[in-house]
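My entries follow in the order I made them.

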Amino acid sequence: MFAVATNEFVLAGMLPHLEDSLHVSTAAAGQVVTVYALACAILGPVLATVTAAWSRRVVLLGAALVYLVGTVGAAVAPNYGLLLVAQAVAAAGTGLFVPVGASSGASLVPPEKRGRAIATVLTGFTAATAFGAPIGTAFGSRFGWRGTMWFVAALAVVGIVGLLTLVPRNIPVPPAESLRRRFVPLADPRVLTALATTALAFTSVYVLYTYIADIFDGATGGSGGRTATLMFVLGVISIVGSYLAGIVTDRIGGRGVMAICLVWVAVCLALVQVFSGSFPASVGFIAVFAVACFSMSAPQQHRLIGLNPPLASVLVSLHSSILYVAIALAGAIGGAGLSIGGSGSLGYIAAVIAVLGLAFSELAHRLTQRKAAAVVAGSAEPAQEATTVTS
């Protein structure tokens, strides 16, 4: 998971290198990340449908190989256009691998350990999110952005060897679903509000992540090394927080974990300006923020799977697509906020989005309770009628 998700973020720290190497503007260089995110969101569900009846192990290996081909293509791309094409190919592999990996992990354990299993698998995605830019900055400054892409390709090779040697062949295959059927869950208000929660929650987080250099410019003085340090702290603590969130989810449920995380994130984002002028204070802020910021994926996927376990892979795929949409939205919303109100406005904008995410999370919970009550009432009525007839 770490290998196939790293490409999503690894070029974010090397946009200046892309500009110089490919002779494009800053805005155009930034579209490399946007194209990757959108390709994941669009191609993931399509490929999941095509491969629905395949062995889960075969799908995981195939997705990793597609990602490897795309990453190597990006490393040797002679121009900007072919780089975008290669990134789209790599994104196809990522878009397929992430939901299949998460749902496969959940299927290998008993239901009471499902949250922990999802969190364990997604720790790789969290690490890629948090460490992608620092890795890109470090390798880009030494070997150029192409050297970074070769490094990411090497990570994929290691991952493929792990899949071949450690992943069992008998992972349960969910019932095959058509592409149209894969979007049927969106007609369920519970699913729709849960996905809206995911979109809002991660848009708020990625606004800060995407524009971290601008938000903390006063603390870093424009130093790439200091910015990378902030991202490294974010990454280390996020990995621990993400895993612990899975454990807590198994104990108190996804709704409780999401409420804690979203309140935590909203408060942090609203106060970011207080700590963004000093580097030591910024490190402390990032450490606190990191506890909750990337801990929300596991409880959200746990909630979605609980709504309809037979459609676990479909629901997780939709969740993954929404994550990529959130990344694209964060770039657009943050960019607009940066141009209108400056970097000082981004924390407040992101905090408002997090509060909206909390509202949708609670709405999703109420809809789920209402549905459960209706089912119980519906099953009780026939039993009462039977008792009356018998009497």
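**Entry 1: H1 and H5**

I began with helix H1 (residues 2–10) and helix H5 (residues 80–107), which pack at an angle of about 135° with their axes 9 Å apart. The model is a predicted one, in which local features need pLDDT of at least 70 and side-chain atom pairs count only at pLDDT 80 or more, while totals for chains, interfaces and linings use all residues. Residues are numbered from 1 along each chain as its sequence is written, and side-chain values use heavy atoms, with hydrogens and water left out.

I noted the terms before going on. Helices (H or I, at least four residues) and strands (E, at least two) are DSSP runs, numbered from the N terminus. Axes are lines fitted to C-alpha atoms, for helices over the stretch in contact, and angles run from 0 to 180 degrees between N-to-C directions.

H1 and H5 are therefore oblique to each other; angles under 35 degrees count as roughly parallel, over 145 as roughly antiparallel, 65 to 115 as roughly perpendicular and the rest as oblique. H1 passes H5 in a left-handed crossing (the near helix is turned anticlockwise from the far one by less than a right angle; clockwise would be right-handed).

Which residues make the contact of H1 and H5? I found Val4, Ala5 and Asn7 on H1, and Gln87, Ala90, Thr94 and Phe97 on H5; contact means heavy atoms within 4.5 Å. By class, the residues of this contact are four nonpolar, three polar and no charged. Ala, Val, Leu, Ile, Met, Phe, Trp, Tyr, Cys and Pro count as nonpolar, Asp, Glu, Lys and Arg as charged, and the others, Gly among them, as polar.

I then checked how covered H1 is: eight of its nine residues are buried (under 20% relative accessible area; exposed is over 50%, partly exposed in between, with a 1.4 Å probe and protein chains only). The buried residues are Ala3, Val4, Ala5, Thr6, Asn7, Glu8, Phe9 and Val10.

**Entry 2: Thr94**

I picked Thr94 from the H5 side of that contact. Is Thr94 buried or exposed? Thr94 has a relative accessible area of 0%, so I wrote down buried. Leaving aside neighbours within four places in sequence, Thr94 is in contact with Val4, Ala5, Tyr36, Cys40, Tyr67, Pro99 and Tyr324. Thr94 and Ala5 are 89 residues apart along the chain, yet their C-alpha atoms are separated by 6.3 Å.

Next I looked at H4 against H5, whose axes lie 7 Å apart at an angle of about 155°. That makes H4 roughly antiparallel to H5. H4 passes H5 in a left-handed crossing. I read off the classes in this contact as 15 nonpolar, eight polar and one charged.

Ala74 belongs to helix H4 (residues 56–76). At 0% relative accessibility, Ala74 counts as buried. Not counting residues up to four places away in sequence, Ala74 touches Leu83, Ala86, Gln87, Trp145, Arg146 and Met149. I also looked up Ala74 and Val274, which are 200 residues apart along the chain and have C-alpha atoms separated by 40 Å.

The axes of helix H12 (residues 254–275) and helix H14 (residues 297–307) come within 8 Å and cross at roughly 150°. H12 and H14 are therefore roughly antiparallel to each other. H12 passes H14 in a left-handed crossing. The contact is formed by Gly254, Arg255, Val257 and Met258 of H12 with Pro299, Gln300 and Arg303 of H14. I counted its classes as three nonpolar, two polar and two charged.

What does His365 touch? I found Arg255 and Arg303, again without residues up to four places away in sequence. His365 lies in helix H16 (residues 346–390) and is buried, with a relative accessible area of 18%.

**Entry 3: His23**

His23 is in the loop between helix H2 (15–22) and helix H3 (26–50). I noted a positive phi of about 60° for His23, although it is not a glycine. His23 is exposed, with a relative accessible area of 71%.

**Entry 4: the whole chain**

I ended with totals. The protein has 16 helices and zero strands. Of its 391 residues, 50% are buried. Among contacts with a separation of 6 or more, 84% are between residues 24 or more positions apart.
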